[in-house]
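Welcome! Please take a moment to look over the model shown here, and then we will walk through some of its features together.

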Amino acid sequence: MRGMSRRCLSIVAAATWLLAACPGPARPAQPPVAAADTALRIRIAQAEARRAGGTAELVELARGSDRPARLLALRGLGRIGAVGAPSSIAALVAALGDPDPDVVGAAAAAIGVAASLDDDLDLGALGATDALVAALPRAGRPVVEALGRAGTAAAQPALIGALGDPALGELAGLALGRHGRRKIALGEPARQALIAASASADPAVRYAAVHALSREYQPPDHPASVAALVGRLGDPVAEIRAQAIAGLGRRKAAAAAGAAGARLLLDRDWRVAAEAVRALADSDDGKDAIAAAIVRRFDELVRGEPAAAQVVIEAERVLAGAAGRPVVASALSSLASRAPAATGLPGLTRGWIGCLAIAAIERARPEPDLDAIARCALPDPLRLPLVGDAIQAGAGSLTARRAALARLLGHADARVHAAGLGALAAMWKAGDASDHAAAIAALIGALAARELDVASAAVDAAGSIYDAAGDGDHAELAPLDAALLARTRAEHDSELGAALLQLIGKRRLSGAADACRGALDADPVRARAAIGCLEALGEPRTWTPPKAAPPPVDISAVVGKVLRWRLTTTRGEIVIALHPDVAPWAVAAIVALTRRGFYDRIAFHRVVPDFVVQGGDPTESGSGGPGFALPAEPSTVLDGAGYRAGGVGIADAGRDSGGSQWFVMHSRAPHLDGRYTWIGTVESGQNSADALLIGDRVVHAAIEVVR
């Protein structure tokens, strides 16, 4: 996979919509570190996993004479980043002046990863932007990528120049898009260069320019930028059409699309239609157009296009609050009656479409029947959260909402309980003192729960309750304060612990400082949250990163191997080529967990159409994991294709907090590259991945050792 960032992958050959997006001839890339042997790769991976404890070894290797070791060590230093000693970043910047262009490229790529993993990493004092710009003529592609991830606005002239280079134009456009995500405003010359590049003959450059224009930070009222996006709504490449309509939506300029935008709701590619649904949902006319289109999309689904369900379901979600409009009500009523009768569709598909339609219709009634939602044809953990959504929307009388909320909070399934907790803030606002007391009691009980998903939902709900209560002295919240502090002191889970520390620091709870000090020696995720908590309390600390222990998996079983992950799902088989030489710890974890049967029968808990489908959580809530954390192992342009359609990665809640949860991309997402660990690429079965809905399952997972 190394060096193939511009090549069409095998999965692309099976997907018509992406064929047009594949660039023509492959362009030169930095050579891989193929000469590195297995023992060296294992040594460097172990040093990476020790984080601060491995920094000195990696710095020594990066300054040595063994070229493969230097390149891998530089990559490792970038992944450690600010968690290591200051010398690690200094070593990377110094390596930009090396006479070997491959060393320069490796150092630049590593600087970009370090900046992506730590948003607050200050590279200015080290002159990183100037050093990267100076290195651009010698190392090209990885330097351009790094200027997007780590460069300041001063890098934009260099990126403008790279836009016109056939070998660098795509990466330069993506880099300027990264500036937007980092809240760096585009200068007018950069904006004009992107507008021009959006009409390039090269589809890869067009995509990158449209991507950047669609993510511009605080975009001004700039007619030419809007016109450039409108001009790409008819692009022959589906990904570009999707980016263009999504960009208009982000700019609140979807009305400028006119009839072309409405046509995209029926685009031959479902991903484009999903983006059009989101973009057009901001206006009443747009909602009417969406309603008219989804009935036709349902017909496509019945005719055998399973991914069309993604468009229908996304449309139902955005129309949930608009069912009072006649056109919308008519479409939803049609779906509510037709979905249960469509026996040719999988039961989960029928259930989601029918239940979402019923939920939207009931929310619009003057006297909604919340029990009608609770009776729809989905399993409890999927349908009852829709009742929670209705409670949050204020549907039904206060008495009816109280009764429905009590049923959610009393349900035996942790996911349903968590959905009830999410509705407490809405009831706090609408209710009286008795509702307040009930909410606090429910939260205190949930904060003591052993289930991580329940406790996590309680932390989120507590933050919403504090916001609803507003400033001032609220004696009634004192028991909740105490429960949060108690859970914070006792919590060992990195993600939940970090969320607790952030909340008690934000709310400046009495006793929070002691609780935060107690977490300074915890795992890196909680320790960093403790630093932030103390800063919020006016007690800044300098954090000395602890030495980390590698996770309990065997990387020697995967490094140097060619591996496939074969997943049999309820929508068909997905075969994934794993990349252990890019992410040895994450791949070793996948292999070990798969061989234990960990992934068998776990449901997919998250689906965002035209983005990702995510699974691997044994609690099926998004809060669970394997009981250990993985070091972050992000990839760069030097490592392979990354997060294009079919890219597979490890989900996390911050650097070094990944575990068993994984995701597969519906489409390209350049902003994930360099931040999330990329572990593989779908070789076959992308259509199955595209069809997965929340509640679908991995029936069985297996590892194949090809050689």
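## Before we start

Helices (H or I, at least four residues) and strands (E, at least two) are DSSP runs, numbered from the N terminus. A residue is called buried under 20% relative accessible area, exposed over 50%, and partly exposed in between, using a 1.4 Å probe and protein chains only.

This is a predicted model, in which local features need pLDDT of at least 70 and side-chain atom pairs count only at pLDDT 80 or more, while totals for chains, interfaces and linings use all residues. Residues are numbered from 1 along each chain as its sequence is written, and side-chain values use heavy atoms, with hydrogens and water left out.

## An open sheet

Let us begin with the strands. An open sheet is formed by 8 strands, in the order S3-S4-S6-S5-S7-S2-S1-S8, with antiparallel pairing; two strands pair if DSSP finds at least two bridges between them. At the edges stand strand S3 (606–608) and strand S8 (698–705), and each has a single partner strand, so one side of each is left without a neighbour in the sheet. On average, neighbouring strands of this sheet are turned by 25° against each other, direction ignored. Axes here are lines fitted to C-alpha atoms, for helices over the stretch in contact, and angles run from 0 to 180 degrees between N-to-C directions.

Leu 563 has Val 705 in S8 as its bridge partner. Helix H33 (residues 584–595) packs on the sheet, where it touches S1, strand S2 (572–578), strand S5 (647–650), strand S7 (678–684) and S8. The direction of H33 makes about 120° with that of S8. Contact means heavy atoms within 4.5 Å.

S3 and S4 run antiparallel and are joined by 3 bridges, with Arg 606 standing opposite Gln 614 in S4. Which way do the residues of strand S4 (residues 612–615) point? Val 612 and Gln 614 point one way, Val 613 and Gly 615 the other way, and all are buried. S4 is also joined to S6 by 4 bridges, again antiparallel, and here Val 613 stands opposite Val 664.

The hairpin of S3 and S4 has 3 residues between the strands. Asp 610, in the loop between S3 and S4, has a phi near 65°, a positive value in a residue other than glycine. Asp 610 is buried, with a relative accessible area of 8%. Arg 51 also has a positive phi, near 55°. Arg 51 lies in the loop between H3 and H4 and is buried, with a relative accessible area of 1%. Most residues other than glycine have a negative phi.

## Nonpolar cores

A nonpolar core is a set of buried Ala, Val, Leu, Ile, Met, Phe, Trp, Tyr and Cys residues joined through side-chain atoms within 4.5 Å. The largest one has 190 residues, and Leu 421, Leu 484 and Ile 504 have the most contacts inside it. Leaving aside neighbours within four places in sequence, the contacts of Ile 504 include Leu 484, Leu 509 and Cys 533. A second, separate core of 41 residues includes Trp 565, Leu 578, Ile 602 and Ile 703.

Ile 42 is found in helix H3 (residues 38–49) and is buried, with a relative accessible area of 16%. Leaving aside neighbours within four places in sequence, Ile 42 is in contact with Ile 555, Ser 556 and Val 559.

In helix H6 (residues 86–95), the buried residues include Ile 89, Leu 92 and Val 93. The buried residues of H6 pack against helix H4 (55–62), helix H5 (67–80), helix H7 (101–117) and helix H8 (128–139).

## Aromatic rings

How many aromatic pairs does the structure hold? There are 6 aromatic pairs. Rings of Phe, Tyr and Trp (its six-membered ring) pair if their centres lie within 6.5 Å; planes under 30 degrees apart count as stacked, over 60 as edge-to-face and the rest as tilted. Phe 663 and Tyr 676 have ring centres 6.3 Å apart and planes at 85°, so the pair is edge-to-face. Phe 663 is buried, with a relative accessible area of 5%, whereas Tyr 676 is partly exposed at 22%.

Finally, Trp 565, Phe 598, Tyr 599, Phe 604 and Trp 662 form one aromatic cluster.
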